[in-house]
Amino acid sequence: MIDFFAVFGLEPRPVIDVDGLGDLFANKSKTSHPDRAVDGDFATLNKAFNTLRDPASRIFHLLALSGEEPQPKAASAGVSAWFGEVATGLQQFDRMFQPLSQETSSLLRAIKIREAQSILADLEKISEGLTYEKDGLLKAMAEIDAEWPSDRAADLDSLAQIACDLRFLEKWLAQISERRLRLASIAP
Amino acid sequence: MSQIVGIDLGTTNSLIGIMDSGFPILLADSEGFRLTPSTVHFPVSGEPLVGRPAGRMRAISPERTVFSVKRLMGVRPGETGKDNFPFRVADAQGKTTIVIGDCTVTPEEVSTIILRKLKADAEKSLGSSIDRAVITVPAYFNDLQRQATKRAGEAAGFTVERIINEPTAAALAYGLDRLKDRAKIAVYDLGGGTFDISILELNEGVFRVLSTNGNTRLGGDDIDRDLVRLLEERITARYPEIRHELKDPLFSARLRELAHDAKLRLSEENGVQIEIPFLSGNRRFNYLLSRQELEAITRPIIRRTRSHCLRSMDDAKVVPRDLDEVILVGGVTRMPIVRQLVAEIFQRLPNTSQNPDEAVAIGATIQAGIISGEIQSVVLLDVTPLSLGVETFGGLMNVIIPRNTTIPCKAGEMFTNAVAYQRSMRIKVLQGERELAKDNWELGSFEIEFAPVPKGVARVGIQFEIDANGILHVLARDISTGQQTLLDLASAVDVSDEAVEQMIAESVDHAFEDMSERVWTETSIKSNELLPAVKSALTLVGDQLTQENRQEIEALVKAVNEALDNKDIHRLKSANAALDQGTQHLATLLIDRAMSEAEKRRGG
């Protein structure tokens, strides 16, 4: 297995400077992009970049490197608690949005936009909560990182749990953001 | 090795350029212009005319003169939308074709003819032969549209060294003399037929696209179409008796040309006199078209670009203040109203330093210089605009390569047998952002062969690769030997026949339903939705209406109620429409209120 950290000359650890990673990626592309080199392995560089810039996939990669086969865990109780709210909010929005996007009468449209906006406001509150949750996880990651290298199995376990939770949170945040864009695309 | 040319194969105009002692220059065609109209005229006998000579035939022989063919590239019949071409577009066994007299040509072949002219004229002016090219496409072109463009280039005698995205090319043109900069820019590219928005990061010669979005069927042609409609209305208002004559293809073509020219002039002037001296008999038509009227038509079309801009910023994880510049390209961005709406979306004045017609071709030429090695200090990292995936159990799309992934890239997927001793499985390859497989473009399908083993034991690795052109290659890897074989994607057209038949069958079923009953139900549902809506809107913002407006609305409500009581379908329909119309202002007030409420929520 390829050590994606090594591709960029980085030490494998939970937290890295993502902006700096972008610069490294741009710089290394100068020599390995197919327009510049015949034998440069750009696809690997590209994959390494995409893996490391996302915290969850970075952790999964880190665990795989350390020989831990990361078990696909369920979300923690704290994160799963959000599921009901997110799902209900999204469903409410979609039920509202579907007829709204096809509405031809401007008055009915205005009324429906107003209703959709109030549902979206609820979703935005949920989004704030999810972001708060996510920040907490990133902070926990930084705490483990501060003690790195760690060989305590407990730390690796918590990292796996954090990565799994991040995946859920990010998916929900993206779904809410998608609804925000959908409404913005039809509201004036 | 011969030099590489850069080609902007545009909806309205095409251009060709070449590197000359380290600088990109554009070449004039045999008529002496850098912009060659992407128009091809097929005479009854003899060779086709291309470019300006063909353009002159648009108003003389509209049914044999093909233009805006880019809107048909890689597009399946049934997806051709509301385009109303004076030439005949038909479906030949699942392929979009253009019918000229007794002959047919494909959009790809028309593009080849245009490319051949560019090639021949460039060879004449350079005095040497050229056979390698970089060709631009809209960033939001899917795999099928890119492949069609590449094939057109090959048929014209080019080795297509690269298919490059138009906004990315424009960014190269902008950034070439700012290589030391570190900046984030957005390129807003609104051309004759397509719209793209791309967000890039420029960093010491590396041009990295962060996200791209767009619509391959949105552009200046739509404005022309709506402007023609407006002029037709004005003509029929004055001469109702010649309504049928407006449909004459020769007249339509002439009107379209007048509309297009008026649109161009209204970027500079506030009003344009439209004159048709010999409209019909001795009727003459004179009309002063104001910029305001044009803008009223243009605004809803340009507004549609807004959601794409918001999406691309969201994907790039930037907000307007993170951007250093917003670059405008494409002829339509000359319109003041476009500049104004772009400024609203990005909250800054757009950068108009680039020639909107030439930036893409200049950029394509720079990319040609990068590939040939003439330009050493620049590298371009582009992305795939659409997510790539396969259809999974239950008709869902399983994303394998997400949109805005830097290309070239690859991703593997392991497939296993779902049933014991299953010998093969057909996999549909999709491109798009929708959750349901059927809502995305189907690029084709391939077959996986399994060894006859118990369930879940057979394993075949499939590698999906998107090359630097944004074109997909699918490889199957035998796990035991490590041998890779390139798979052919069976064209999706063969597969969709069944779906088409199904759709036809369903529409026939519906036709036999009792129409009058259905129309009544639909109309009364509409009324029963409108009436309470009016009531609640009046409670919320009714105090902002004038006394007359309020009385007018009340009268319209009464008319709807009466028609409902009398079960009069015709009256109900018109009463609904009148109420719709009469509550426009009320709707605006309501939207304003909703906006300020949303604002307040964000603030607090």
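Biologist: What makes E20(B) and E23(B) a pair?

Modeller: Two strands pair if DSSP finds at least two bridges between them. E20(B) and E23(B) have three bridges, so they count as paired. This is a predicted model, where local features need pLDDT of at least 70 and side-chain atom pairs count only at pLDDT 80 or more, while totals for chains, interfaces and linings use all residues. Residues are numbered from 1 along each chain as its sequence is written, with chains lettered from A and ligands numbered from 1 in the order in which they are written.

Biologist: And what is a strand here?

Modeller: Strands (E, at least two residues) and helices (H or I, at least four) are DSSP runs, numbered from the N terminus. E20(B) covers residues 388-392, so that run qualifies as a strand.

Biologist: Why is E20(B) called mostly covered?

Modeller: Four of its five residues are buried. Buried means that 20 or more other C-beta atoms, placed from the backbone, lie within 10 Å of the residue's own; 12 or fewer makes it exposed, and anything in between partly exposed.

Biologist: Which strand forms a hairpin with E20(B)?

Modeller: E21(B) does, with three residues between the two strands. In that turn, B:Gly394 has a positive phi of about 90°. The two strands run antiparallel and are joined by five bridges, and B:Thr392 has B:Leu396 as its bridge partner.

Biologist: Why do E6 and E7 of chain B count as edge strands?

Modeller: They belong to an open sheet of three antiparallel strands, in the order E6-E5-E7. E6 (49-50) and E7 (65-66) each have a single partner strand, so one side of each lacks a neighbour in the sheet. E5 (residues 40-41) is joined to E7(B) by two bridges, and B:His41 stands opposite B:Thr65.

Biologist: How many residues does each chain bring to the contact between A and B?

Modeller: Chain A brings 28 residues and chain B 34. Contact means C-beta atoms, placed from the backbone, within 7 Å. On the chain A side, H7(A) gives the most, with ten residues.

Biologist: How do you know which parts of chain B to read with care?

Modeller: By pLDDT, the predictor's confidence in each residue, from 0 to 100. Chain B averages 89, with 94% of the residues at 70 or above. Over residues 493-513 of chain B, pLDDT stays under 50. Where pLDDT is low, the predicted coordinates should not be read in detail.

Biologist: What about the scores for the model?

Modeller: ipTM is 0.88 and pTM is 0.87.

Key: Two residues are in contact if their C-beta atoms, placed from the backbone, lie within 7 Å.
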